[in-house]
Amino acid sequence: MSGIDLLLRTAIDYERTHQIVLFTLLSESKLSEVLLNVASPKHIHLEPERGLFDLAVQNDSTTTYVEIKMWSSLSLEDKQFQRQVDFLRKNKSRGVYILLGTSWFEHTEKSISDKSDGLATKIGYDELLSSLNKLIVATGQTPEVYELALAYRNAVQKQYDDRIRT
């Protein structure tokens with residue numbers, strides 16, 4: 001077991017942990033391509049637009065804004081969601097909601113798409129784990145990326161398994 005395994009196992013229930021790990025993997029690997037379908041990102045931003053979103057992945061033609069929810073509720077009627085959708089519409093951008101923990105149970109892909117007028121999609125455990133598995137077997141990754149992706153995948157898988165059993 002490495003220190004990164006220990007860190008992720010003990011901090012996997014925090015939204016900030018997912019934000020930092022995803023920021024790192026999006027910046028240093030092909031995760032943007034396999035998870036978000038964004039090839040060759042030029043910039044990855046933490047808390048863009050004054051924290052309206054958790055991450056932004058920007059390439060030459062588009063920006064994909066990412067909101068991560070772990071334990072907090074994503075109310076499709078609340079002001080934050082509506083501000084995010086209004087922003088996406090105004091900027092002709094795409095949104096992705098990564099819903100984990102109890103947030104994963106709250107919404108379907110269809111409910112997110114319908115409430116955002118097709119501007120946003122949902123990523124849950126299945127999509128995240130599948131993308132991490134693809135990243136782990138991809139050639140050309142640095143050992144550090146491989147180690148982080150594997151440790152993160154294992155921690156997310158355990159979190160998912162724990163949620164299914166409860």
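## Gln 159 and its contacts

A polar contact of 2.8 Å joins the side chain of Gln 159 to that of Asp 13, and another, of 2.9 Å, joins the side chains of Gln 159 and Tyr 125. A polar contact is here a pair of N or O atoms within 3.5 Å; within protein, one must be able to donate a hydrogen and the other to accept it, and residues adjacent in sequence count only if both atoms are side-chain atoms. The model is predicted: local features need pLDDT of at least 70, side-chain atom pairs count only at pLDDT 80 or more, and totals for chains, interfaces and linings use all residues. Residues are numbered from 1 along each chain as its sequence is written, and side-chain values use heavy atoms, with hydrogens and water left out.

Gln 159 is found in helix α9 (residues 143–165). Helices (H or I, at least four residues) and strands (E, at least two) are DSSP runs, numbered from the N terminus. With a relative accessible area of 2%, Gln 159 is buried; buried means under 20% relative accessible area, exposed over 50%, and partly exposed in between (1.4 Å probe, protein chains only). Not counting residues up to four places away in sequence, Gln 159 touches Ile 12, Asp 13, His 18, Met 70, Trp 71, Leu 100 and Tyr 125, where contact means heavy atoms within 4.5 Å.

## Overall fold

The chain has nine helices and five strands. From the N terminus on, the elements run α-α-α-β-α-β-β-α-β-α-α-β-α-α. The radius of gyration of the chain is 15 Å, close to the 15 Å that the globule rule gives for 166 residues, so the chain is as compact as a globular protein of that length. This radius is taken over C-alpha atoms, and the globule rule is 2.2 Å times the number of residues to the power 0.38.

Along its principal axes the C-alpha trace spans about 45 × 40 × 25 Å. Of the 166 residues, 46% count as buried. Among contacts in the chain with a separation of 6 or more, 62% are between residues 24 or more positions apart.

## The sheet and the helices on it

Five strands form an open sheet in the order β1-β2-β3-β4-β5, with mixed pairing. At the edges are β1 (43–46) and β5 (120–123), each of which pairs on one side only. From one strand to the next the twist averages 20°. Two strands pair if DSSP finds at least two bridges between them. β1 and β2 (residues 55–58) pair in the antiparallel sense over four bridges, and the bridge partner of Ile 44 in β2 is Val 57.

Helix α2 (residues 15–28) packs on the sheet, touching β1, β2, β3 (63–69) and β4 (94–99), and its direction makes about 165° with that of β1. Helix α5 (residues 79–90) lies across β3, β4 and β5, running at about 170° to β3. For these angles, axes are lines fitted to C-alpha atoms, for helices over the stretch in contact, and angles run from 0 to 180 degrees between N-to-C directions.

## Nonpolar cores

The largest nonpolar core has 35 residues, of which Leu 22, Leu 25, Leu 36, Ile 98, Leu 128 and Tyr 152 touch the most other members. Such a core is a set of buried Ala, Val, Leu, Ile, Met, Phe, Trp, Tyr and Cys residues joined through side-chain atoms within 4.5 Å. Two or more residues each come from α2, α3 (31–36), β2, β3, β4, α8 (125–137) and α9; α9 gives the most, with eight.

Leaving aside neighbours within four places in sequence, Leu 36 is in contact with Leu 26, Leu 31, Val 57, Val 66, Arg 94, Val 96 and Ile 123. Another core, of twelve residues, lies apart from the largest one and includes Phe 53, Tyr 65, Tyr 97 and Leu 99.

## Two threonines of α2

Thr 17 is found in helix α2 and counts as buried at 13% relative accessibility. Its side chain reaches the backbone oxygen of Ala 11 at 2.7 Å.

Thr 24 also has its place in α2, but counts as partly exposed at 29% relative accessibility. The side chain of Thr 24 reaches the backbone oxygen of Ile 20 at 2.9 Å. Thr 24 and Val 145 are 121 residues apart in sequence and 8.7 Å apart in space, C-alpha to C-alpha.

## Positive phi

Most residues other than glycine have a negative phi. Glu 49, in helix α4 (residues 48–51), has a positive phi of about 55° although it is not a glycine. Asp 117, in the loop between α7 (109–115) and β5, likewise has a positive phi of about 55°. Glu 49 counts as partly exposed at 39% relative accessibility, while Asp 117 is exposed, with a relative accessible area of 56%.
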